[in-house]
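Here are some exercises to work through with a structure open beside you. Try each task before you read its solution.

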Amino acid sequence: PWHIAYSRSAYETNVALFFLLLGSLMFFYSLKKTWLLIFSAIFFAISFTAYRAETLVAPLLVVLLFLRFKKNILSSHISQLIPFALSLILGLLLVLPTVSIVRTPGFQARTSSLNIFSFSNQSPWGFKTEKGTIREILNTPQLLSAKEFLSLYTAYLSPRYMFQLGDAGPRRPYPDMGTFFAWQFPFYLAGIYFLLKEKEAKKLKSFVFILLLVSPIPAALTRDPYSTLRSLQLVVPQTILIAFGFIKLWKLVSPTLNKLKYAVFVSLILYSTLHMYVSIFYLNDYFTSHYWNYGWKEALDYIPKLDPNLPVVVDASRGDAYILLLFFLKYDPATYQKNNFEVPMTEYYTNMNRNITKDIGRFTVKNFQWGIDTDNVDQYIIADNIAIGEFQIQDHHLIKVHEILLPNGDVALRILKTNPTR
């Protein structure tokens, strides 16, 4: 469920994971053909720049794989040293632009608000409010951060989260499902056991357990518990372990029971397919459509039916509605950038001044003001039920033009018209 969910979504982490795996593949091929190490460096560098989590995972994976196989890579023979040196130089050159902006306000904006070492927004997990010497020691920021990191890190390796609870986020893989199916748990344990004992698959063993232990680190440095988005690379070693355990146990069962094995296998596949189908096409739409910005396409499809002479104000108090307008309207990027200039490209990561109000043709995306935008001007307003509820509609004499409903019947968006001549 985990991998399928994100493979159907346009996340940067998908791109980063693809190049991380491609870089790993080229690395293992380079153990026999050293010149392929150059391609490995290129792919690892692309992964590094594609998504924030890989800025930690990719370097750690590269360093640990190098330490594990340095005897294979390094040799006194010049034919092996040259590809190694070229790959090192090329990899560093490719990641240098990203490294150069790591400490800028733009790069740190989200990191500073989410990481467990930032105490400006909330007290760290385990903070004791009582006074006293012991409490002061226990409230040491370094100690609290270490405890919180270990708690979050171990959650990503917890079978309870993997096979039962899953991601608690609003855009979690799918409702009523863990990140893996519950019946895969025994195969996961078997995979760990058999792979640890396996003597022939040394490369596979090293890759799986290194990636398994490294993958949760960037996610565990944020305050969100068990984020499948930030730890997507973890799906690879855990899936391999499940598959390895399944294959080993399959071979252990007597061939005389082949019919029973295939019957159980087909039953599990059918059950999993049905479970996932219901979760994706029924439960997901019903319970999480709001978090996937349901309703914006329908609202914009209705716009041609409105008076073309009246402007449209779009509430921007939650989320980035202007991005959805640009996408569904197929608005010209050059025109948008010209009409909504913020900062020069040279100051993009250092100057954090941004325009809250966006002008997109007849649409103005802004935090609208009661009275000014609702009572004194003739225009349309697009907002959700939280921004403008039934009480505000009556109080400001707004006219309901159209409502877009979520699959569960709740209001996703409303198109309202002001009534200044009431």
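Helices (H or I, at least four residues) and strands (E, at least two) are DSSP runs, numbered from the N terminus. The model is predicted, so local features need pLDDT of at least 70 and side-chain atom pairs pLDDT 80 or more, while totals for chains, interfaces and linings use all residues. Residues are numbered from 1 along each chain as its sequence is written, and side-chain values use heavy atoms, with hydrogens and water left out.

**Exercise 1. Find lysine 366 and decide whether it is buried or exposed.**

Step 1: Go to strand S3, residues 363–366, where lysine 366 lies.
Step 2: Recall the cut-offs: buried is under 20% relative accessible area, exposed is over 50%, and partly exposed is in between (1.4 Å probe, protein chains only).
Step 3: Lysine 366 has a relative accessible area of 18%, so it is buried.
Step 4: Look for its contacts (heavy atoms within 4.5 Å). Leaving aside neighbours within four places in sequence, lysine 366 touches Val313, Val314, Asp315, Ala316, Ile356, Thr357 and Asp373.

**Exercise 2. Check the span of helix H3 against its end C-alpha atoms.**

Step 1: The expected span is 1.5 Å times one less than the number of residues.
Step 2: H3 has 14 residues and should therefore span 20 Å; its end C-alpha atoms are 20 Å apart, which agrees.
Step 3: Now see which H3 residues are buried: Leu37, Ser40, Ala41, Phe43, Phe44, Ala45, Ser47 and Phe48.

**Exercise 3. Describe the largest nonpolar core.**

Step 1: Such a core is a set of buried Ala, Val, Leu, Ile, Met, Phe, Trp, Tyr and Cys residues joined through side-chain atoms within 4.5 Å.
Step 2: The largest has 41 residues, and Trp2, Leu20, Phe27 and Leu61 have the most contacts inside it.
Step 3: Its largest share, seven residues, comes from H11.
Step 4: Beyond its neighbours within four places in sequence, its contacts include Phe44, Leu61 and Leu211.
Step 5: A second, separate core of 25 residues includes Trp296, Leu324, Tyr336 and Phe363.

**Exercise 4. Which residues line the largest cavity?**

Step 1: On a 1 Å grid over the protein atoms alone, a cavity is a set of points where a 1.4 Å probe fits but cannot get out; lining residues have an atom within 4 Å of a point.
Step 2: The lining consists of Gly166, Asp167, Arg172, Pro173, Tyr174, Met177, Gly178 and Thr179.

Note on methods. 1 Å grid on protein atoms, 1.4 Å probe; cavity = no way out; pocket = protein on both sides within 12 Å on 5 of 7 lines; lining within 4 Å.
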